[in-house]
Amino acid sequence: MQLITDPALITPQWLTQALKENGFLPAEGQVTGASWETIGTGKMGDNVRFQLRYNGDYNAPKTLIAKLPAADETARSIAGSMGAYLKEVMFYKELAELSPIGTPDIYLALIDDSGSNFILLMEDLAPATPGNQLESESIEHAKQALSEAAKLHAAFYGKDELLARDYITHTDAESAAFGQELLQQSWPGFVERFGHGLNAECIALGEQYVAGHCQWAAHYQGMKTLVHSDFRAENMLFGESGRTTVVDWQTITESCCMADTAYFLGGSLDTDERRSHEQELVEHYRQCLNAEGVSLSKDECWQQYREFSLQGLMITILGAMFSQAEERSDKMFLVMIQRHLQHAVDMNAAEFL
């Protein structure tokens with residue numbers, strides 16, 4: 001199957017082959033027409049929606065989403081070199097079926113040897129809508145998201161043989177040192193761009209984190225699982241029926257289960273909303289995890305939640321500095337860093353640095 005990453009070059013014939021080879025179109029079926037439009041606000045990858053026409057009435061997708069490498073060459077190069085595209089393709093190929101977490105159906109998953117060119121054809125989940133990082137996610141949606149997180153974490157909890165796969169990021173000394181080097185290179189420019197929106201206490205904690213990332217990354221010695229690592233509202237689609245689907249699996253990592261929980265609550269909820277509901281929501285997650293067969297005490301859960309309130313800093317800092325500045329994305333990164341730093345201050349997370 002030929003790998004194509006330009007939507008303008010994707011033909012009805014190519015789509016026919018892709019759907020037939022993977023069992024989503026019968027032998028007599030043909031895609032006779034296809035039109036597309038760009039959707040979404042992703043920075044490390046681009047998404048387009050295809051409208052398909054067939055030579056008959058088949059049980060085949062009338063629309064589908066193609067996920068492609070970022071058109072921005074800087075973002076594309078960084079994502080490829082860091083294995084982001086490989087992580088996502090391999091998650092759908094090998095890991096998604098091992099967990100009941102809500103993910104889209106995948107019609108095709110291809111990647112080349114360089115890791116910089118790939119395509120995913122996936123289920124179009126419209127009219128489900130993604131969250132909006134500039135707003136505060138609802139408590140109902142927060143509970144749905146944390147319920148999905150518990151399904152993922154329980155499925156891989158302590159499964160060392162699965163977590164050892166080489167495309168999963170491992171929180172070892174080498175990766176921690178590399179992360180700290182990138183943070184130290186990026187932090188001055190990040191503060192120059194976003195420091196106007198941060199108070200002195202948050203900037204001080206940010207500087208402490210950048211200097212102590214290695215120590216923080218090595219601090220947690222408990223049981224690990226597979227975490228999404230960019231588990232935020234804009235990487236989820238919320239349906240009217242209560243179905244919550246998680247997308248953008250480019251950052252899968254072996255870490256503490258509370259990393260996703262703390263990151264979601266710290267970055268996807270307004271600070272006042274988070275302060276008002278976080279104990280209730282952390283307990284909701286703990287109970288969901290327990291229902292999936294993984295037992296954590298309230299004290300363990302809360303201590304890990306405090307420790308991983310720092311989880312959002314690296315992704316926000318590097319995500320902003322490794323992608324092209326744009327009005328909407330800069331607003332999003334500012335909101336995220338304000339929330340994540342204040343979360344870490346509220347949790348007194350400096351003691352883990």
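Predicted model: local features only at pLDDT ≥ 70, side-chain atom pairs only at ≥ 80, totals over all residues.
User: Thanks! Are the rings of Phe91 and Tyr92 stacked or edge-to-face?

Analyst: Happy to walk through that one. Planes over 60 degrees apart count as edge-to-face. Phe91 and Tyr92 are both buried. Their ring centres are 5.5 Å apart and the planes meet at 70°, so the pair is edge-to-face.

User: What about Tyr220 and Phe308: how many residues apart are they?

Analyst: Their ring centres lie 5.6 Å apart with planes at 80°, so this pair is edge-to-face. Tyr220 and Phe308 are both buried. Tyr220 sits in the loop between helix H7 and strand S8, while Phe308 sits in the loop between helix H10 and helix H11. The pair thus links distant parts of the chain, and the separation is 88 residues.

User: Which residues do ring pairs link into a cluster with Tyr220 and Phe308?

Analyst: Tyr220 and Phe308 belong to a cluster held together by ring pairs.

User: Now the helices. At what angle do H4 and H9 pack?

Analyst: Helix H4 covers residues 139-156 and helix H9 covers residues 271-291. H4 passes H9 in a right-handed crossing. By class, their contact has 10 nonpolar, four polar and three charged residues. The axes are 9 Å apart, and the angle is about 35°.

User: Which element gives the largest share of the largest nonpolar core?

Analyst: That core has 96 residues, and those with the most contacts inside it are Leu226, Phe264 and Tyr285. Beyond its close sequence neighbours, Phe264 is in contact with residues including Ala142, Ala145 and Leu146. The largest share of the core is 10 residues, and the element that supplies them is H4.

User: Is Cys257 buried or exposed?

Analyst: Cys257 lies in the loop between strand S11 and helix H8. Leaving out residues up to four places away in sequence, it touches His153, Tyr157 and Tyr285, among others. Buried means under 20% relative accessible area. The value for Cys257 is 1%, so this residue is buried.

User: Last one: what distance separates the C-alpha atoms of Cys257 and Gly222?

Analyst: Along the chain, Cys257 and Gly222 are 35 residues apart.

Key
Residues numbered from 1 in each chain as written. Heavy atoms only, no water. Axes fitted to C-alpha atoms, helices over the stretch in contact; angles between N-to-C directions. Helix = DSSP H or I, 4+ residues; strand = E, 2+ residues; numbered from the N terminus. Left-handed = near helix turned anticlockwise from the far one by under 90°. Nonpolar A, V, L, I, M, F, W, Y, C, P; charged D, E, K, R; others polar. Core = buried A, V, L, I, M, F, W, Y, C linked by side-chain atoms within 4.5 Å. Buried < 20%, exposed > 50% of the residue type's maximum accessible area, 1.4 Å probe, protein only. Contact = heavy atoms within 4.5 Å. Phe/Tyr/Trp six-rings, centres within 6.5 Å; stacked < 30°, edge-to-face > 60°.
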